[in-house]
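This briefing concerns aromatic ring pairs and one backbone feature. Please examine the structure shown below before reading the points that follow.

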Amino acid sequence: MNTVYSEDAFICEGIFDAFKTPNACALMGKTLNKKQHKVLYDFLKPKKNLYICLDPGTLKECKRLAEELDIWFPTKQIYIMNWVSTDEDIDLGDLSKTLSSKELVKYIKENSTLAA
């Protein structure tokens, strides 16, 4: 996890996605497990905005995760990344090869919508 403070936190699927995304944590899959709860909760607690940026094709899992996070943090803004690419093989790791960290964060924010 990146220790640089930001009001935003980015929840990624894989560890390599999290390495390239500032203020990110990796789920190491698509769902939370009990061992992750305390670490993830402690990381997300001081944040204002939460961005769920799992891999393409995971909208159902993103919505389920947003519902769980809303229970933990009912006053936080929770966003889900919308993948606009038609290429299902592109994920944050791929984008991070061509975008700087700042550009990657901008891309995530511009392509995310508030979870309902």
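**Aromatic pairs and a loop residue**

Y41 is partly exposed, with a relative accessible area of 29%; partly exposed lies between buried (under 20% relative accessible area) and exposed (over 50%), using a 1.4 Å probe and protein chains only. The model is predicted: local features need pLDDT of at least 70, side-chain atom pairs count only at pLDDT 80 or more, and totals for chains, interfaces and linings use all residues. Residues are numbered from 1 along each chain as its sequence is written, and side-chain values use heavy atoms, with hydrogens and water left out.

**Aromatic pairs**

- Rings of Phe, Tyr and Trp (its six-membered ring) pair if their centres lie within 6.5 Å; planes under 30 degrees apart count as stacked, over 60 as edge-to-face and the rest as tilted.
- Six aromatic pairs are counted by this rule.
- F16 and F19 form an edge-to-face pair, because their ring centres are 5.8 Å apart and their planes stand at 75°.
- Both F16 and F19 belong to helix 1, three residues apart, about one turn of the helix; helices are DSSP runs of H or I with at least four residues, strands are runs of E with at least two, and both are numbered from the N terminus.
- F16 and F19 are both exposed.
- Y41 and F73 are stacked, since their ring centres are 5.1 Å apart and their planes are at 20°.
- Y41 lies in helix 2 (residues 34–44) and F73 in the loop between helix 3 (59–72) and strand 4 (77–81), so this pair ties together parts 32 residues apart in sequence.
- F73 counts as buried, at 5% relative accessibility.
- F10, Y51 and Y79 are linked into a cluster by ring pairs.

**Loop residue N23**

- N23 is located in the loop between helix 1 (15–20) and strand 2 (24–26).
- The phi of N23 is near 55°, a positive value in a residue other than glycine.
- N23 counts as buried, at 5% relative accessibility.
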